[in-house]
Each structure stands twice: as C-alpha cells, then as structure tokens.
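User: I'm new to reading protein models. Could you walk me through one, feature by feature?

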Amino acid sequence: MRVLIRVDASDRIGWGHARRCLALACELRRCEASVAFVSRAMDDALAVEGRRSGIDVLVFSQAVAERLRNDDPDAEDLLSTEAQAADAEETLRLSDEWGGADVAVVDNYGLGEIWERAIRGSVQRIVVLDDLAKRRHHCDV
C-alpha cells in the first residue's frame, strides 16, 4: 500500500497535525506501507525525523507554496476554491513523481470537499483527520 499524507508544519503552524501524522505514518511503515508526507511547508526537524523513519517528504514548489501561504496560527478557514484546486494540483504532481498513492490522508484546516473531490480519481481511498468537524468532506473515512 502507498499512502500519501497531506499535512503542513512550519515553525508557526501545524505542529500538532504533523506530530499525529508522523505517528500514523510510523505505524503504517511498521505495516510495510510506503508513506510520503506532501507539504506546502515542512519544518526541517520534522522532515528529518520523518526521513529517519522511512517516510518520504515531498514539498510544494516555491511558487505554489508562496501563492498558498497562510502563516496565521489561528487560521481555521477553508482556502478558496481556487487555492484548494491549486493545492490539489500540486499534491497530485508530487504524488505522480513519487509513483502514485493508493490512499490519501489529509490533516489540514484549509482543505476540504473541493480538494478531496479534485484528488478523488487519483487514489482509491481518502481519509480525513478533522478535529473541528465544521467543514464538508468528500472522503471514505
């Protein structure tokens, strides 16, 4: 099984999301899954820890990352339709370069149903981690 985990973690946002995704990724690795983090922003220390655990770390191109930048630590709003579509496009580009994924896991307050629908045809299953439960999703779990 090949699992892509879409999560962001910079020095300002997303550390809790990334830590729980790292725990999930390590357990998936123990079950012999191939796992990759796909991120707009990934803290260097966390990226190193992931790589040491056998997790590939794929980072958005600088141009796309800058266009989607949101360093507001209190941001809990969905990205615009256009931004979610651009995020999904870059996620799929990186996934294709990685060799594709069977499952996509997303843990990100800015992404929702629009992003999930955009990647639906490229993965067999979509898993959403959403501790706010105030957004619409198009997922399997």
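This is a predicted model: local features need pLDDT of at least 70, side-chain atom pairs count only at pLDDT 80 or more; totals for chains, interfaces and linings use all residues.

Analyst: Let's start with a term: a polar contact is a pair of N or O atoms within 3.5 Å; within protein, one must be able to donate a hydrogen and the other to accept it, and residues adjacent in sequence count only if both atoms are side-chain atoms. Here, the side chain of Asp8 has a polar atom 3.5 Å from the backbone nitrogen of Ala41. Residues are numbered from 1 along each chain as its sequence is written, and side-chain values use heavy atoms, with hydrogens and water left out.

User: Is Asp8 buried or exposed?

Analyst: Buried means under 20% relative accessible area, exposed over 50%, partly exposed in between (1.4 Å probe, protein chains only). Asp8 counts as buried because its relative accessibility is 6%.

User: And what is a nonpolar core?

Analyst: In soluble globular proteins, nonpolar side chains tend to be buried together. A core is a set of buried Ala, Val, Leu, Ile, Met, Phe, Trp, Tyr and Cys residues joined through side-chain atoms within 4.5 Å. The largest one here has 21 residues, and Val3, Ile5 and Val7 are among those touching the most other members.

User: Which residues of α4 are buried?

Analyst: Helices are DSSP runs (H or I, at least four residues), numbered from the N terminus. In α4, the buried ones include Ala83, Leu92 and Trp98. Just after α4 comes Gly99, with a positive phi of about 115°.

Terms used
Helices (H or I, at least four residues) and strands (E, at least two) are DSSP runs, numbered from the N terminus.
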